[in-house]
Amino acid sequence: MLFTDSLFIFGLIALFILYFAIAKKYRWMLLLGASIAFYAYSGWSNLIYIAVTAASTYGITRKIEKMAESASAEVKAHKAEWSRDEKKAYKEREKKKRFRWLVLLLVLNFGILAVIKYGAFTMRNVNSVMGWFGREGNLPVPQFLLPMGISFYLFQTMGYAIDVYREKYSCEKNFAKLALFVSFFPQLIQGPISRYNELSEGLYAGNDFESKRVMLGVQRILWGYFKKVALADRILPAVTMLISDSEQYDGIYAFIGILYYTLQLYADFTGGIDITIGIGQVLGIPMAENFQRPFFSKGIVEYWRRWHITLNTWFKDYLFYPLSVCQPMLKLSKWSREKLGKTVGKYVPVYIATIAVWFLTGLWHGAAWNFIVWGLMNAVIILISEKLTPLYEKFHQKYKWSNTRPYEGFMAIRTTLMMGCLRMFDCYRDVPLTFKMFASMFYKGNFHILWDGSLMQLGLSAADYIVLLAGTVILFTASMFGRKGEVRERLYNKSPFVSCCLTVTLFLLVMIFGAYGIGYDSSQFIYNQF
Amino acid sequence: MSETLSTIIEILQDLHEDVDFETENKLIDNKILDSFDIVTLISELSNEFDVTIPADKIIPENFNSAQALANMIEELEDE
């Protein structure tokens, strides 16, 4: 089910009414029922996967917590008789036992993901490698239907399990409540990947109806729909056309494709997240922000701090840091210091962990080489830009004009274009073709398409271009105002009446400028496929 | 100033020579140290003090100042 399906929209309105109509203590149960219904609608068989994740996480996190409690009680009971070393050895032994349970949980769940998402990709590559060695590679290639949102709910749930193992907070004792945390429907499609300690309170509390919060939530939902249906869906035919025929649409067309796809992806992904967070806001459930004006970033590192924030922080907290500071890595670092010198040695963990994280970030996006190369290209650019940081600092100290607003604007445009170029791997889904299309931008020289009317032949009319241009200006303006804090809240505080008018305006914008037309069928959210 | 603290300040100064690490107490909150700095710092601290800093100790409270880092190191040494 899509956020744009009329069944979803009417179901959501009914849910809002019911949520505030029933007693507080039943409200989280209503959300669980709605989440199960939402998931079941996408296919009953999908429920099995999410149920396995919820049940295994519930059982093992409870086990881990009980083990930690009994170990702590044991240490207390022998406080007087055990030496410090004995206590330390006992604690380490017990921690290792808990770690084994955690590993079991991670292997089970990521194993499911590996088989259904990466099984076919792995077998195809094994067959290819066997072919290189002259052996017939005909191992069976398994085909599974990917359960909706598995990459999102699995990461969220495994993050929770790791936090319980780390004793960051207590585990959830009520299975149904944990099942709600795992399956909360607005974030199943494309995140954000929430943390239990940030989401759970709002999720279970049964919040009061507050007119201001509900109004702001509805505005955010409408703003998300505006981005999705008026911009992302409108520009989709042109993007599809530009990507599907690389022979005809190369050179400057490829550059136009980068710009169009950047707008489409931004409007689609942030629009979906706005709808998700807006639903949470109406219900009084605060969710983590996933974007902070990413196209205002002055460099790639800053960009990745502002784009898909919850996925990046997940990788940072649960993979980058543990991998960088694990014992084998520190031993490798020590060895590198001795053999390669202090400067190289101390950076070894950072380099290896960065490459590993970006390899997996690429793989997370899809089981294909284009995503892996995309991830590794990000890693290379990040490492180069980190290495060049002292040089940049000297440059900014020497040339004062480089600290002015126009130069910052130049840096933001440069970053946006660079990220757009990297996204070509996502568009063309073929590594050699991507490089070919990238190169064609520099030698083809077909600039005439910019003024000879060719751009009007991409499935977009003059009216479409006007809406897209106006929409982009609105997005940019909203982002500029957003730098000083939440625009809608400031407006509501100034005048609830004007805020009400904004809601009506947003509703009309969605209704009038949505790319509907005859036979309209909204496209799936891009991140839903990951 | 304790020996641990002065060694930590020396290591930090190697990472960012323009920051006054004796007074700065928002190294993470003010985004002075990024994730690369943190990992490099941990590698240096582990090497210098022969302690293991597990990933669950990487929280802003432990990395916001040189003093907080010194407290964490002393705590790990005591464990």
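**Notes on the two-chain model**

H2(B) is mostly covered, with eleven of its 15 residues buried (20 or more other C-beta atoms within 10 Å of a residue's own; exposed is 12 or fewer, partly exposed is in between, and C-beta atoms are placed from the backbone). Before going on, a word on ground rules: this is a predicted model, where local features need pLDDT of at least 70, side-chain atom pairs count only at pLDDT 80 or more, and totals for chains, interfaces and linings use all residues. Residues are numbered from 1 along each chain as its sequence is written, while chains are lettered from A and ligands numbered from 1 in the order in which they are written.

1. Back to that helix. H2 covers residues 35-49 of chain B; helices here are DSSP runs of H or I with at least four residues, strands are runs of E with at least two, and both are numbered from the N terminus. From first C-alpha to last, H2(B) reaches 21 Å, close to the 21 Å expected at 1.5 Å a residue (the expected span being 1.5 Å times one less than the number of residues). Its buried residues include B:Phe36, B:Ile38, B:Val39, B:Leu41, B:Ile42 and B:Leu45, but also B:Glu44.

2. Look at what follows the helix. B:Asp50 counts as exposed because it has 9 C-beta neighbours inside 10 Å.

3. Chain B as a whole is simple to describe: four helices and zero strands, running α-α-α-α from the N terminus on. Its radius of gyration is 11 Å, close to the 12 Å that the globule rule gives for 79 residues, so chain B is as compact as a globular protein of that length. (That radius is taken over C-alpha atoms, and the rule is 2.2 Å times the number of residues to the power 0.38.) The C-alpha atoms fill a box of roughly 30 × 25 × 20 Å along the principal axes. Of the 79 residues, 32% count as buried.

4. On contacts within chain B: of those with a separation of 6 or more, 63% are between residues 24 or more positions apart. Contact here means C-beta atoms, placed from the backbone, within 7 Å.

5. Now the interface. The contact takes 18 residues from chain A and 16 residues from chain B. On the side of chain A that touches chain B, helices H11 (309-325), H12 (327-340) and H13 (342-365) of chain A each give two or more residues. H11(A) gives the most, with six residues. That side divides into nine nonpolar, three polar and six charged residues (Ala, Val, Leu, Ile, Met, Phe, Trp, Tyr, Cys and Pro are nonpolar; Asp, Glu, Lys and Arg are charged; the others, Gly among them, are polar).

6. Chain A is divided into domain 1 (6-189) and domain 2 (214-529), with bounds from an automatic or database domain assignment. The C-alpha centres of the two domains lie 28 Å apart, and 14 residues of domain 1 are in contact with 14 residues of domain 2. Helices H1 (6-21), H4 (84-132) and H5 (150-165) of chain A each supply at least two residues of the domain 1 side. The residues of that side divide into ten nonpolar, three polar and one charged.

7. Which residues touch the most other members of the largest nonpolar core? Among them are A:Ala161, A:Phe181, A:Ile235 and A:Tyr260, in a core of 126 residues. (A nonpolar core is a set of buried Ala, Val, Leu, Ile, Met, Phe, Trp, Tyr and Cys residues joined through C-beta atoms within 7 Å.) Helix H9 (residues 252-283) of chain A gives the most to this core, with 18 residues. Domain 1 and domain 2 of chain A both give residues to the core, so it lies between them.

8. Two backbone spots in chain A to look at. A cis peptide bond joins A:Gly191 and A:Pro192, with omega about 5 degrees; A:Pro192 sits in the loop between helix H6 (175-183) and helix H7 (196-205) of chain A. A:Arg293 has a positive phi of about 40 degrees although it is not a glycine, and is found in the loop between H9 and helix H10 (300-306) of chain A. A:Arg293 is partly exposed, with 16 other C-beta atoms within 10 Å.

How values were computed. Two residues are in contact if their C-beta atoms, placed from the backbone, lie within 7 Å.
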